Amino acid sequence: MSAASGRCRGGRLWPLAVAVLAAACSDDSPSALDPKGPNAERIAGVWWLMFGLATAVYVVVAGLIIAAAMRGRRTGEGEGRPSRITDSGFIWVGGVIAPVVILGGLAVVTVSTTNDLRRVEPGALRIEVTGHQWWWEVRYPDDDVVTANEIHIPAGRSVEIGLRTKDVIHSFWVPELAGKVDQIPGQHNVIRLKADEPGTYRGFCAEFCGLQHAKMQFLVIADTPADFTRWITRRQRPSGTPPTEEAALGQVVFNRNTCGACHTVRGTDARGTKGPDLSDFGDRETIGAVSLDNNRKNLAEWIKDPQESKPGNLMPPSHLAPDELEALLDYLESLR
Ligand code: CUA
């Protein structure tokens, strides 16, 4: 490659680098340095301590390099002003004592923070989250509620989330609320988090898990305690008969196309567990684990061919007549 083509390629890469940096700072990418709960706050505190110490070390070392450069090289014995610190003293202080003090202090802070984050809080809400390629199964074992990709929690209350995986290694990460914890085959890990205020917090799979790893996201929706109780109570009721004739026809389409072999709708014959539970689908904000906004147009596109927007996922394309598709959309939107 010639130098000219190297320059040209470098020139083309600049806008890309700027775009990547801009995306990293956009509102769409929640930051661990903007904590919205006590667990994330502790972690951010450790981050700032590390950043502060690293900056201090950098400034001191850079200062010494500049001072040495300005002082110039000693050319012979006995030249220049005699130094108060001997060479070996300098190595002991700068190369041994200072690193041991700094790294030892950081180790104490890190271990004690990790310990605090593992502490079980009495009265915490228990949730079990299982990672699948590429979506999240969410269970509330004490309330007998199952949902997917959107985790409702009560704001201000500690939550203890048990983490498992159905297939490969995934990693559960809500940057604004807590650190990352891996979901490892055959292992049950736990993460604890709390949201101070009601709001929606975006979560990610933080371990590469295949083709659609980037589209394996989820939402943590912190409700007020009263709203959360209402949400849980509504989830415990069976879905009941469809509210309109169209929706009822949609349920027939749903059953005839054996959607229930992979999906569950609480209180009906649909009891599949290969795909996300759809009992409260009409209430969800997104489709395909935060791949698309949940609206009628996106849902129609998704049902026609889920491979179009999320290639590799398990759901096959459907071949429905237009009126069947409309009825099915009515049915799915009625599930609340
Ligand atoms: Cu699951 Cu990455």
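**Exercise 1.** In this predicted model, find which strands helix α4 lies across, and at about what angle α4 runs to β3.

*Solution.* Start with α4, residues 225-236. Follow the helix over the strands β1 (125-132), β2 (135-140) and β3, and you have the strands that α4 lies across. Then take the direction of α4 against that of β3: the angle is about 100 degrees.

**Exercise 2.** Now work out the order of the strands in the open sheet of five strands, and name its edge strands.

*Solution.* Step one is the order, which reads β3-β2-β1-β5-β8. The pairing in this open sheet is mixed. Step two is to look for strands that pair on one side only: these are β3 (145-148) and β8 (189-193), the edge strands.

**Exercise 3.** Take a look at β5 and β8: how many bridges join them, and do they run parallel or antiparallel?

*Solution.* Strand β5 covers residues 159-165 and is joined to β8 by five bridges. The two strands run antiparallel. For a landmark, go to L163, which stands opposite N189 in β8.

**Exercise 4.** Describe how α2 and α3 pack, using the distance and the angle of their axes.

*Solution.* First, locate the helices: α2 spans residues 38-71 and α3 spans residues 87-117. Next, the geometry: their axes come within 9 Å and cross at roughly 170 degrees. Angles over 145 degrees count as roughly antiparallel, and α2 and α3 are therefore roughly antiparallel to each other. Then list the contact residues: among them are I43, V46 and L49 of α2, and I102, L106 and V109 of α3. Finally, sort the contact by class, which gives twelve nonpolar, four polar and two charged residues.

**Exercise 5.** To finish, step back to the whole chain: how many helices and strands does the protein chain have, and what share of its residues is buried?

*Solution.* Counting the secondary structure gives eight helices and twelve strands. Of the 336 residues, 37% count as buried.

Key
Residues numbered from 1 in each chain as written. Predicted model: local features only at pLDDT ≥ 70, side-chain atom pairs only at ≥ 80, totals over all residues. Heavy atoms only, no water. Axes fitted to C-alpha atoms, helices over the stretch in contact; angles between N-to-C directions. Helix = DSSP H or I, 4+ residues; strand = E, 2+ residues; numbered from the N terminus. Parallel < 35°, antiparallel > 145°, perpendicular 65-115°, else oblique. Contact = heavy atoms within 4.5 Å. Nonpolar A, V, L, I, M, F, W, Y, C, P; charged D, E, K, R; others polar. Pairing = 2+ DSSP bridges. Buried < 20%, exposed > 50% of the residue type's maximum accessible area, 1.4 Å probe, protein only.
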